[in-house]
Amino acid sequence: MERRTIGAGALSVGAVGLGCMPMSWAYSGSRQRGDASLRAVHRALDLGVSLLDTADMYGPFTNELLVGRVLKERRADAFVSTKVGLLVGEQHIVANGRPGYVKRACDASLRRLQTDVIDLYQLHRADPEVPVEETWGAMAELVRAGKVRALGLCAVGARGGRRSGGRLYDATIRQLRRVQQVFPVSAVEAELSVWSPEALETLLPWCEQRGVGFLAAMPLGNGFLTGTLTPGEGFEPDDMRARHPRFTAEMMAANQPIVAGLRRVAARHGEDVTAAQVALAWVLAQGRHVVPVPGAKQERWVTENAGAAGVRLSERDLAEVAELPAAQGSWE
């Protein structure tokens, strides 16, 4: 698979990553199978999908434990990214950016992942009660201690921007400017897909100008852009899409023209190319510093997603995708 670099440190990863969250968190609990997920991760590594994206809050903790079972056998094949800064309670999620906690959380992640070093350690969310510089400084100390290779930041403030009508990632960029004064940012993770392209306005250019890698989260629109979801079929109660305004039967039906457009482009590339692969190829085409990180928990989807790295969209294709209707429905 084509390789791409993350940050000024030239950390090399496969052009397509693997989001491990659906294996343990937020999606259809009855369909989560540990053995199937392990096979999916191994398949990803076999195909050159080296970036494995997880977090201590996924589960919580169980996702890192799962990834750790693979890393114990194949650490040299993987680039592991995990996150810190969020604590999961019974009915709520809270931020914790206290330096002491960050250091303890890193040690715990290292144990669960069965590794001596985390390739990319990301701040999941900043703690509003702790200056972000203090949190970032603690993370930088982990780099100096050899426990972490590089630091990243997950985008914040996007939904608030939607409500206020402001530019969606202004809060993230302000935060990035602050932490850059403490220690270099190697990567930013934020949503980017055909039906949620807002990061193209300011956040993606900011990263490109500074040599910061961009990890595109939810590049398949939480599964919608694959064309495999049926409007009105419904979701399990523990699936986050069950409460998501864009996944009501009405909104899913209204947004079908987006999937139809992706299928038209796919058809020009051969009968084996899918709408999902076109959606991922579009993300890849947004810059050499961009790495889509689609979530998957089955070998078949991992294999299909990896195949997107070989799909090259023409100018005509990109223009056609650009002309697709904007997604309907709130993203709140």
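Two strands count as paired if DSSP finds at least two bridges between them, and strand β5 (residues 79–84) and strand β8 (residues 118–123), which run parallel, are joined by four. The model described here is predicted.

**Strands β5 and β8 with helix α3**

- Within the pairing of β5 and β8, which run parallel, Val-84 stands opposite Leu-123 in β8.
- Gln-114, in the loop between α3 and β8, has a phi near 55°, a positive value in a residue other than glycine.
- Gln-114 has a relative accessible area of 37%, so it is classed as partly exposed, given that this class lies between the limits of 20% for buried and 50% for exposed.

**Strand β10 and its neighbours**

- β10 pairs with β9 in the parallel sense over three bridges, and in this pairing Ala-187 of β10 is the bridge partner of Gly-152.
- Toward strand β11 (residues 213–217), β10 is joined by five bridges, again with the two strands running parallel, and Ala-216 in β11 is the bridge partner of Ala-190.
- The chain passes from β10 through helix α7 (residues 203–209) to β11, and this β-α-β crossover is right-handed.
- In a regular strand the side chains alternate between the two faces of the sheet.
- Both faces of β10 are covered, with Ala-187, Glu-189 and Glu-191 buried on one side and Val-188 and Ala-190 buried on the other, so that five of the five residues in β10 (residues 187–191) are buried.

**Nonpolar cores**

- The largest nonpolar core holds 85 residues, of which Leu-18, Tyr-121, Leu-203 and Phe-214 touch the most other members.
- Helix α10 (residues 275–284) supplies the largest share of this core, namely eight residues.
- Not counting residues up to four places away in sequence, Tyr-121 touches a set of residues that includes Thr-82, Lys-83 and Val-84, together with Val-102, Ala-105 and Cys-106, and also Val-148, Ala-150, Leu-151 and Gly-152.
- A second, separate core has eleven residues, among them Ile-6, Leu-11, Leu-51 and Ala-187.

**Packing of helices α9 and α10**

- Helix α9 (residues 256–268) packs with α10 at an angle of about 90°, and their axes are 8 Å apart.
- This angle makes α9 roughly perpendicular to α10, because the range for that class is 65 to 115 degrees.
- On the α9 side the contact is made by Val-259, Leu-262, Arg-263, Val-265 and Ala-266, and on the α10 side by Ala-275, Val-278 and Ala-279.

- The peptide bond from Gly-59 to Pro-60 is cis, with omega near 0°, and Pro-60 is placed in the loop between β4 (51–53) and α2 (62–74).
- Phe-61, which is also placed in the loop between β4 and α2, has a positive phi of about 75° although it is not a glycine.
- With a relative accessibility of 39%, Phe-61 counts as partly exposed.

Technical notes: Residues are numbered from 1 along each chain as its sequence is written. This is a predicted model: local features need pLDDT of at least 70, side-chain atom pairs count only at pLDDT 80 or more; totals for chains, interfaces and linings use all residues. Side-chain values use heavy atoms; hydrogens and water are left out. A nonpolar core is a set of buried Ala, Val, Leu, Ile, Met, Phe, Trp, Tyr and Cys residues joined through side-chain atoms within 4.5 Å. Buried means under 20% relative accessible area, exposed over 50%, partly exposed in between (1.4 Å probe, protein chains only). Contact means heavy atoms within 4.5 Å. A crossover is right-handed if, with the strands pointing away from the viewer, the path from the first strand over the helix to the second runs clockwise. Axes are lines fitted to C-alpha atoms, for helices over the stretch in contact, and angles run from 0 to 180 degrees between N-to-C directions. Angles under 35 degrees count as roughly parallel, over 145 as roughly antiparallel, 65 to 115 as roughly perpendicular and the rest as oblique.
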